Amino acid sequence: MVHMAARKSPVFETASTLGRILGFLGISALCGVLAAGLLVPVAAATGVTASQSIEFFDELPSELEVKPLSQPSRVLAKDGTQIASIYAENRKPVELGQVADVMEKAIIAIEDSRFYQHGGVDLQGIMRAAANNLMNDTRQGASTITQQYVNNVLNNARKRSAEDEELLLGDNKDLGDKMREAKLAIAVEKKFSKKEILTGYLNIVFFNANAYGVEAAAQYFYGIPASELNLQQSAMLAGMVRGPSLYNPITNPDVAKQRRNLVLNVMLRQDKITQKEHDKASSADLGLNVTPTQSGCVAANMAPYFCQYVVHEFKTYGAPDAPTKKLKEENPEKAKKMQAKRDEYFAEREEKLRRGGLTIKTTLDPRLQKVAQAEVNKVAPPGENPDKIGSSMVSVQPGTGKILSMAQNTKIVAKKDAWSNVYNFNVDANMGGTGGYQVGSAYKPYTLAAWLADGRSLGDVVDASQRVYERDFPWKASCAPDDYTAFGYYDPNDPYEPTSKLDNFSDGYYHKMSVLDGIVQSINTATIASAAELDLCSISDIANDTGLHDGRTQEDISNLKISSLIGGSSQSISPLSMAASFATFSSGGTYCKPYAIASITDRNGKKLDIPGQDCERAVKKKVAQGVNYALQEVIERGSGYYLDPEVPAGLKTGTTDDSVQTWTVGYTSGISTAAWVGNPDKYRSLDGLEFLGDGTTHDYVDGATYAGEAWQSFTEQVADLYSTEEFPEPPEELIEKQEEQEISPDDSEVVESDESSDDTSDASALAPAPGTPTVPDPPAAAQAPAAPPAGSTAPPAGGSTSPPPADGSTTPPPTDSSDGSGSSGNGSDGSANESGSSGSSGQGANSGSGGPGNSDQAPPGRDENGGGN
């Protein structure tokens, strides 16, 4: 930061008569030196010895290093629409032909009437100003436009210098500064034409903190380009140059008008305008149309949080590695150097962004962004959200990783009654976000994918009646240490620390069922039964290969805690990671890392390196096809039954314990979207809170309630803008083993038919009968119970509400199977309940020890429930 501390000149600042005389003599000496300096080439040619003054003058620098002017960088949407302008100085360089002729005449008239006659330094002007200053109390300047240009160039260099250099203004220049400026002005006149000098001057001169250069000034004060300035507007801007603060028409309109009319008087006296033009212009009002241009993402025209993400992506791309915690402990000096190098890199990127005139074209689709923003605001409007309920939505394009939209229901800087939040709900902590949230049953498709990758079928039957998994259950985990035993357990008879049984949201699902039905109805016991036959590490491998990771720590996902399989992990996952990961299934198994920047060009049109598209196969095509098949069935007859967007699509809902966080993650073949509604900074149930800005409440909130409805509405409106092709059918062996099943009257056992089918269980038998009402809130007995006292058994876990029975009765279709009230992940690891739910026995596996249960003390971006469904 450059400070403008004034340096007092004993010659030029003395107010006494003696001081004025000395000042006049000093000016005379300076004129002599300059005159001699101009004759130096002649003196050298004739062998005349130069005086010491000439020698001093000759030793001054004669080359002016003109560094590129600071220019704003623009962040653009996919269609070229401007999202934001980011700058240290709001400047829009133009050619002289793009400036109104009358502006050129005005600035020359008031600042340097002999501009086209002198050679950079006007000796006649210097002597006239010196005489005036000697005889009068008023001061006249004598710097030519060329000298002013030189001084601005020098100050521009000082601003960008790493050193703390003061700016040289009119009142803190000594005789040496003036001589240096004069010599450089002479050199500039020899190198550049008058038109080039005037162009440079008009682009660099300061008018206002919001306007550097004539184009930015015209747009700021009048809302027009410099080419359209009229006489009175030009006179006002020209008059401001001598004192931008004093003659500011916004804060000092009367003084500014007097100054403008002075300029008009000078122009008339110099015959640059007629009397008629003068009289008309001087009688006109200032006629301001102030059009502020704010800098940065906070003032973005749309998608401010996406803009922030773009800035983070730009600044971090190519950055040196950060020192690890281990290195800091073992070699602090090396770690310090690494961090210093990293900080220097970030500073350089920041400088380039704020001053480099970059054009950053992004992947954002304004059509999707507009709809997404409307949907998240509808859930819980920023200005009518007394409970500060978070709502966000982010979309990526399968097969490319392009981020198409990113919205949330807060503002970075908001009005008094609106919710202001600087954190991005959609992204990782290292990219300006909260770091994500627990995902509940939205995690279950990864166990399904691992099942299929293991060569198994959607039709395979698992025993979902098993609710007890003892402490020593033989889980398979090839990546675990040999002595690892903390998988967790569900066992009310455990001799050390009893827990509840593994529960589902509703009764009636504790029986054998196909893996497909288990995922469609989101049955906790079916998911755990599937995992019991797999290597737990194969599940987390698929999650990590498809881009999931902890959004707070960047660590890989781990499923060594069994409650993580049904959403009880202590790890938090961002909506962007979920959208990109589910896009892997949509694309047929190719994971593409999400990215926001499509191209960057500098002020000269040169392209810069960008992160770009980064895709690789993460799962086999047939595995992705099998997951797509299953998640489409979720819409056909499962927890997403009322969320059908009327195009081929798959989805999975998710709700954590006590409905603290709720999700719907779904996709078409062209768009993958994660919709989240929850608490960004505390553990608190959404049940009974006010939504929709009109006081609307629900006694029970799950993933399909608000997040699901927002996802459905969004997808219905935008799906056709991208591909909506049907998903390819999976190979027959992935579904052919399924057997048709009927749920027995007592819902306790499965009656298997004699016929085998290549398809899933009969959707028509499970679909609701005509006239089925909208899903009501579950009865009080099914809602989240109050937190039990420490040491008691945990509340029931997730599962599914009952599907419509085959007899055609009007039992409503399921809400979110897993979207349960209880702690789906309520399995103890021997010292802590992994779910960390509701103060139940062994709670707090997030930290590996007892946790706060229903705590409002969780840091931003983290909930302390272990949730799971």
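Colleague: Is F505 buried or exposed, and at what relative accessible area?

Modeller: Buried is under 20% relative accessible area, exposed is over 50% and partly exposed is in between (1.4 Å probe, protein chains only). F505 is therefore buried, with a relative accessible area of 10%.

Colleague: And what kind of model are we looking at?

Modeller: Residues are numbered from 1 along each chain as its sequence is written, and side-chain values use heavy atoms, with hydrogens and water left out. Local features need pLDDT of at least 70 and side-chain atom pairs count only at pLDDT 80 or more, while totals for chains, interfaces and linings use all residues, since the model is predicted.

Colleague: Are the rings of F505 and Y700 stacked or edge-to-face?

Modeller: Phe, Tyr and Trp rings (the six-membered one for Trp) pair if their centres lie within 6.5 Å; planes under 30 degrees apart are stacked, over 60 edge-to-face, the rest tilted. Here the centres are 5.7 Å apart and the planes at 25°, so the pair is stacked.

Colleague: How many residues apart are those two partners?

Modeller: F505 is in the loop between strand 8 (461-463) and strand 9 (512-514). Y700 is in the loop between strand 15 (672-678) and helix 23 (707-718). Helices (H or I, at least four residues) and strands (E, at least two) are DSSP runs numbered from the N terminus. The pair links distant parts of the chain, 195 residues apart.

Colleague: Which residues have the most contacts inside the largest nonpolar core?

Modeller: A nonpolar core is a set of buried Ala, Val, Leu, Ile, Met, Phe, Trp, Tyr and Cys residues joined through side-chain atoms within 4.5 Å. The largest has 131 residues, and those with the most contacts inside it are I83, Y446 and M578.

Colleague: Which aromatic residues form a cluster with Y446 through ring pairs?

Modeller: Contact means heavy atoms within 4.5 Å, and beyond four places in sequence the contacts of Y446 include M578, F582 and F585. As for ring pairs, Y446 is linked into a cluster with Y443, F582, F585, Y667 and F727.
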